[in-house]
Amino acid sequence: MILNTRRTVKQFDAKKLLHLLLITVAVLMNLPFIWMISTAFKAPDEVFSIPPKWIPDQLMWENFSNMWHAAPFDIYLLNSLIVSVIGATGTTIIGALAAFGFAKLEFKGKNIIFFLFLMTTMIPLEVRVIPNYIIVKSFGWLDTFEALIIPGLASAFAIFLLRQFFLGIPRDLDDAATIDGCSRLRYLFTIILPLSKPALLTVWLFMFIRRWNSLLWPLVVTNRDEMRVVQVGLASFQDHFGVEWGELMAASTLVAIPIMIVFLFVQKHFIEGVARVGIKG
Amino acid sequence: MNRAHKNSLWLIALTVLFALWGFFAVQEAVHEQATTISQLEALTATHSAPAVQAALQQSKFVLNGVRQNYLGWFFAIFILLIAMIALVDFVSRNLQRPMRLRQVLAGYSFVAPAGVQLLLFSLGPILFALFISFHSWSILAQEKPFVGLDNYAEVLGSGDFWNSLKNTALYTLHVPVGMAVSLGLALLLNRAKLPGLGILRTIFYLPSITSFVAIAIVWQWIYNPDFGLMNYALSWLGLGPYEWLHNPGTALLSLMLMAIWVQAGYQMVIFLAGLQNIPAYLYEAALIDGASTWQRFRYVTLPMLKPTTFFVLVTSVIGSFQVFTQIYVMTEGGPLQATEVIVYHIYKNAWDYLRMGFASAMSFVLFVIIMFLTLLQFRMMGQRSDWQ
């Protein structure tokens, strides 16, 4: 009896210790973010203090207004929002159509085409960036939303993830719809898509985050300040204001925080999507 | 000869005709502009009026535009025609069976929007990159002469290229270390079945969804030699101060440490999914056999986790071959090219030195490396049950 109690106590302690350890690691992992937010509110002399000061004496909202006036962040944000929303929505729609074709329709050459689609994941943007730039330039798309949005509108990852989800929808539904004379497109939009809301949301978010965070492609296809997206804007802001840590961190916070907040709301779907197919955001 | 083949032949002939027409039409336009230019140039020899100069510039500009537009549209229409050949060929082959044809057409129409996109901006460009890599290609120069394998010879003989490849390979060494950290985290999280684990998992994952530019900026503070967090923390242990990003000996190492931090959450989530797929009865059987904790890890967890480990390894290695943003924001390849990785080297050659042909040759080498790694992954993936 006594032995039993002792063992439970010991187990309880071990679990508590484990939990404590994990929480410590979690806090350590987020120190960079905590510092980013705290420095965004610091006066210049507090930035350089040793030991690092985690809570500023006085909240310097001026950092945000200075940053806002120093570079057109409103335009950068708007551009990024346009590119990310249209891009993510387009990828989801195109992806859902193709995924439906691969999951629910039978046609000759389906497997070969699906394999070809998967092959495209082998060709990362970093390898395609020069030919794509020349193609986009020859279309006269430099410094336009077309250049920012259209290349990469179809994603093999999105198609793969949605296909896997559609395959899980029972075949009985397909047969019932066919017998009732439901057209394929109507079947997709009235039955399949409403059943796949979590998968669609996951794909949309992946694509939104991927677009929001991308640097190389927007950097290459935009030159004019009014076409810059937020990552390019932030990188060039850092180039010009690299020593103004307060303003720089205010800008970084502005760029990083919206995504983090959205992520916190939907993290469960999102992380499960990652676990399922191993896509990275 | 059956009807299907006849149809395809017609389309091929049409494509060739289109190409020829395009070629001659452009030649004519180019010729016309060139005549104007030479006339204007003759004029400037005698009269150097600003209006003539402006007209000359305008003509040169038009000439350039004609050439570039031709290239883009020709490329697009060519791909479209090839797709049409395949389509018409297929349709005519199956005309006798209308039911099957309808099915096929439905299937293709659903897949087509994505297919055209991937063809134009993914599969096509890799062939186009190969084409560019055989030319001396600058965006500014009008002449893009064919140079054969010269670019590749220069790539292979270039010390800077090998340096960037070496740096990339060294940088990739962070992957196994990071995986060990992530696996450790995953094992701990999998073990501690306490409330709040979902929140912890989310917190660990945060760096993976955050903008690399913002992360890179914050880590510049962490590595700041004078007031950064890293030197401050090490000073507790009586170490340092180190120069981190400012010293060629430690710059790449600093980037590797940061990469481990960024990757940990993503890798951990994948490992966690793998761990949860290991059936509990295996552990029960091992317990009955009297296996210790270490033995259970060594003989049950690790073998069962092999496909997951392989997946994480290959995707992370591929990712690390594509590293760009951190380098662009934090070091620009310096100091002394110690952090010049391959994608940054390509970027610099293509957009700073405007040597697109040379840079394309390097892109193609990178493509071959990545293709090899991905094929390896697909091969192993065949063993993962949820793939296909």
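Glu106(A) is partly exposed, with a relative accessible area of 48%. I start with that residue since it has a partner. Glu106(A) forms a salt bridge with Lys110(A), and their closest N and O atoms are 3.6 Å apart. Lys110(A), on the other hand, is buried, at a relative accessible area of 12%. Please keep in mind throughout that this is a predicted model.

Next, the overall make-up of chain B. Its secondary structure comes to 16 helices and zero strands. Chain B has 388 residues, and 48% of them count as buried. If we take the contacts in chain B between residues at least 6 apart in sequence, 65% join residues at least 24 apart.

Now the interface. How many residues of chain B are in contact with chain A? The count is 102 residues of chain B, against 102 residues of chain A. Between them the two chains bury about 9100 Å², and 77% of that is on carbon and sulfur atoms. Helix H3 of chain B, residues 98-133, gives the most to the side that touches chain A, with 22 residues. Sorted by class, that side of chain B has 72 nonpolar, 22 polar and eight charged residues.

On to the core. The largest nonpolar core has 192 residues, and Ile130(A) and Phe166(A) touch the most other members. Helix H10 of chain B, residues 251-276, gives the most to this core, with 15 residues. Beyond its neighbours within four places in sequence, Phe166(A) is in contact with several residues, among them Ala96(A), Phe100(A), Lys104(A) and Leu193(A).

Lys104(A) brings us back to charges. Together with Arg171(A) and Asp174(A), Lys104(A) is linked in a network of salt bridges. Arg171(A) is partly exposed at 46%, while Asp174(A) counts as buried at 8%.

One last pair, in chain B. Arg355(B) forms a salt bridge with Glu154(B), the closest N and O atoms being 2.9 Å apart. Arg355(B) sits in the loop between helices H15 and H16 and Glu154(B) in helix H4, so the pair ties together parts that are 201 residues apart in sequence. Arg355(B) is partly exposed, at 31%, and Glu154(B) is partly exposed too, at 35%. Over all chains, the count comes to seven salt bridges.

Terms used. Residues numbered from 1 in each chain as written. Chains lettered and ligands numbered in written order. Predicted model: local features only at pLDDT ≥ 70, side-chain atom pairs only at ≥ 80, totals over all residues. Heavy atoms only, no water. Contact = heavy atoms within 4.5 Å. Buried area = accessible area lost by both parts, 1.4 Å probe. Helix = DSSP H or I, 4+ residues; strand = E, 2+ residues; numbered from the N terminus. Nonpolar A, V, L, I, M, F, W, Y, C, P; charged D, E, K, R; others polar. Core = buried A, V, L, I, M, F, W, Y, C linked by side-chain atoms within 4.5 Å. Buried < 20%, exposed > 50% of the residue type's maximum accessible area, 1.4 Å probe, protein only. Salt bridge = Lys/Arg side-chain N within 4 Å of Asp/Glu carboxyl O.
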